[in-house]
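I opened the notebook to record what I looked up in this structure. The entries follow the order in which I went through the model.

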Amino acid sequence: MDREHEELREVVRRYLAEKSDLSGMRKLVQTGRFRDEAVWSQLARQLMAQGIAVPESYGGAGYGPVELSIVLEEMGRSLVVSPYFATVALAGQLLTASADAAARQAWLPGIADGSVTATVAIGDATGEIAADAVTTVATRAPDGWRLTGRKRFVIDGTTADLLVVAALADGEPALFTVEGAAEGVRRAPLPNLDPTRPLATVELDGAAAHRLADDAADLLPRFADLAVTALAAEQAGGAAAALEMAVDYARVRVQFDRPIGSFQAIKHRCADLLLEVESARNAVHAAASLLAERDPEGSLAAALAAAWAGRAYTRVAKENIQIHGGIGFTWEHDAHFYLKRAKTSEMLLGTTGSHRARLGALAGIRGAR
Amino acid sequence: MTGTGRAIGEHDTREHEIGANETDEQFRARLREFLSTHSPGPRPRDPGERVRWTKAWHATLVDNGYAGPSWPREYGGMDLSFRRQIIYQEEIARARVPGPLGTGLGIVAPTIIKYGTEEQKRRWLRPMLRGDVVWCQGYSEPGAGSDLPSLRTTARRDGEEYVVNGQKVWTSSGTLADMLFCLVRTGSPESRQKGITYLIIDAHAPGVTIRPLRDLTGSAVFAEVFFDDVRVPVANRIGEENEGWPLARTSLGHERSAGAMNQAASYRRVLNELIDLAHERGLTDDPLVCDRLVEFEMRVRLIRYNAERTVSDILTKGEPGAASSVSRLLIAAFEQDLHEFAVDMLGPDGIVAAPAEDAVQRGRWLKGFLMTRASTIGAGTAEIQRNTVAEQVLRLPYDPAMPPR
């Protein structure tokens, strides 16, 4: 990896260690907040993190999936409570990929400078990014479009200023922007396993919408690849951090007069977990690089990264608790937050199973879908 | 032990004379051209014939300056930059030409190059590279496997000779050996790593007995080697007496990592063949079969990504990172699981063995299922590998009950 990439990783890691570590996460979770205001604005102003993958012409840094995946790996490590993923990795990447210049101009500068939060709502029932999972209906109105439907599993959906929503217009999937505060938008928190990332159910009842000038059937597959790779980056980072947590503890926890990490039962487990983590990180890097180059292999690599990183994260998070023993089962210890984030993330934007099926189909394993 | 002490980029200024100013792609083209015009032809069926054919091919490579990609040129090598070593490995794999006999090139040659005397290098290296002399390994013993430092084959000094007694086992291609590179005990029985000497033993010397070792597959690719008062000149010792242990794991630059990409490519081929077989037999209608194939599809790609990352770490940082240390574990588990799944997928047909006419693909998957038991045993068991990864990469503490390393 480039030296520049290593530097980016260092800068983000150092910043988060200082300003947004696990204790910061815990405070936000306990007070029910969705972000730390100071961290959000420093990320935007000092690190230009919100604009990392936004083109320079819209005030961003003009990088792409590779650099974004580095930031997300680091955020995944610290379990940062923030609408960053929804705003930057989801809505930001979707709008950047959109052919609708007016929409890009309207929203990307705000995303890049941190003044706007946003999210996407594609598959109605599951949150999967697939045209055939869209059931919300769009109807024409004199001044635009009106959307009606019910979107579940919308990440940071209760607070987002902007929603990019998929709906059926004349029976065909299409994409729309809807303002979070618009009339006819009812948003409710969706209580779920992961306390570190709010999910919402968004009811659209004739909500006013602007239609993006894109063919959703073209744009959604590309966006799905970018989105699941971004999530996989976060998962790979979380998995790496959970393994470090386990290893750090195994080095110092003494039983039978020796550190438990000197027992092969622990050592071998950690070595196996390292294989999972390294594989996940490699898969994310491969997918992000191929997507950045618009290589035809990108979709397959994205499905692989998503399928592998999701499962790996959950496995490492479970083993982290096991290696900690009793203390790992307490609320007071942070290990459970990784497990909750991991298992929840396996269900967002498609499941491990759906990524595997897609990979099989793309790899030409007949009957895999 | 890795690294030659010089930066990767330093090689680039002194490439092969023939192509002093050629680009990487011109180098590739020249090599490919050579391999296709000098192809050794089809592999002979008769084992004796096959040995002669293999030796002739390696002599051709050396004589034309296309052998020993990582070796210094003065001993017949090419002294290629790491990038070109990868190209070399890719082209060799693509040409499907026979690999070397014995295990000398990868294991003892780097040791001789780094620690041998000038006289030893001149005497041994070129004939080894040409295949004139086949070198095999004598490290493991019946009582010293994972705990190799406990080995008990002794070498007693007697004037300008050592007298060697003991037994080695798991010597790959041992029945073809002309020379044996061995670890022997010159210190006290309890001296462990501090009493081990690196000794080169003539396989045809009086007192050396080499017996094929039939393994669980029914064939004999390994041998047992017995030493009964074998006299070995002191001039055959590499390094100092009792200082052989650290020499045993010498490698040249990152030549092993250069081969990792090929391994990835060859497993890609094997998996494709299995997927084709599944399609041919209509087995991909079964979602359980498909899901397993998807699992292998992911793993074969992860093996390639891992190899790519090892290569890029070496090119950018000068050292292979964590990626290289996990690659053996990834590959060993993959090949075991893949072959067992192939047998399972075929159902009862999976256990039909050659020479039965209806053995699927002449029983290759079944044979692979057996053969790959060795993947997690040979060259350090998977358990030892995991210890190494845990201790060296994750920095977990050593087992206090184990002898110091």
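**Entry 1: a sheet in chain A**

I started with one residue pair: A:Trp145 has A:Ala209 in β7(A) as its bridge partner. The model is a predicted one, and I kept that in mind for every entry.

I then looked up the strands behind this pair. β3(A) covers residues 144-155, and β7(A) covers residues 199-211. The two strands run antiparallel and are joined by nine bridges. Another pair I found was A:Arg150, whose bridge partner in β7(A) is A:Glu203.

Which other strands pair with β7(A)? I found that β6(A), residues 185-189, is joined to β7(A) by five bridges, and these strands run antiparallel. In that pairing A:Ala188 stands opposite A:Thr201. I also found β5(A), residues 172-179, which pairs with β7(A) in the antiparallel sense over two bridges. There, A:Phe176 has A:Arg211 as its bridge partner.

Next I followed β3(A) to its other listed neighbour. β2(A), residues 137-141, pairs with β3(A) in the antiparallel sense over five bridges. How many residues lie between β2(A) and β3(A) in their hairpin? I noted two residues between the strands. A:Ala141 stands opposite A:Gly144 of β3(A).

**Entry 2: the domains of chain A**

I looked up how chain A is divided. Domain 1 takes residues 3-113, domain 2 takes 118-214 and domain 3 takes 218-362.

I then checked domain 2 against domain 3 in chain A. Their C-alpha centres lie 29 Å apart. In the contact, 16 residues of domain 2 of chain A meet 15 residues of domain 3 of chain A. On the domain 2 side I wrote down nine nonpolar, three polar and four charged residues.

**Entry 3: two helices of chain A**

I picked α7(A), residues 216-252, and α9(A), residues 298-324. How do α7(A) and α9(A) cross? Their axes come within 8 Å and cross at roughly 25 degrees. Angles under 35 degrees count as roughly parallel, so α7(A) is roughly parallel to α9(A). The contact of α7(A) with α9(A) has 20 nonpolar, eight polar and two charged residues. I also noted that α7(A) passes α9(A) in a left-handed crossing.

**Entry 4: where chain A touches chain B**

I moved on to the two chains together. I found 31 residues of chain A in contact with 35 residues of chain B. On the chain A side, α7, β9 (258-259), α8 (264-292), α9 and α11 (352-362) each supply at least two residues. Which element of chain A gives the most to this side? It is α8(A), with twelve residues. By class, the chain A side has 17 nonpolar, eight polar and six charged residues.

**Entry 5: α8(A) and its partners in chain B**

I took α10(B) as one partner; this helix covers residues 382-393 of chain B. The axes of α8(A) and α10(B) come within 8 Å and cross at roughly 80 degrees. Angles of 65 to 115 degrees count as roughly perpendicular, so α8(A) and α10(B) are roughly perpendicular to each other. Among the residues that α8(A) brings to this contact are A:Gln264, A:Lys267 and A:Leu274. α10(B) brings residues including B:Glu383, B:Arg386 and B:Val393. I counted this contact by class as six nonpolar, three polar and three charged residues.

I took α7(B), residues 287-317, as another partner of α8(A). These helices pack at an angle of about 80 degrees, with their axes 9 Å apart. That angle makes α8(A) roughly perpendicular to α7(B). From α8(A), A:Glu278, A:Ser279, A:Asn282, A:Ala283 and A:Ala286 take part. They meet B:Leu302, B:Tyr305, B:Asn306 and B:Arg309 of α7(B). The classes here are four nonpolar, three polar and two charged residues.

**Entry 6: the domains of chain B**

Technical notes: Residues numbered from 1 in each chain as written. Chains lettered and ligands numbered in written order. Predicted model: local features only at pLDDT ≥ 70, side-chain atom pairs only at ≥ 80, totals over all residues. Contact = placed C-beta atoms within 7 Å. Helix = DSSP H or I, 4+ residues; strand = E, 2+ residues; numbered from the N terminus. Nonpolar A, V, L, I, M, F, W, Y, C, P; charged D, E, K, R; others polar. Domains from an automatic or database assignment. Axes fitted to C-alpha atoms, helices over the stretch in contact; angles between N-to-C directions. Parallel < 35°, antiparallel > 145°, perpendicular 65-115°, else oblique. Left-handed = near helix turned anticlockwise from the far one by under 90°. Pairing = 2+ DSSP bridges.
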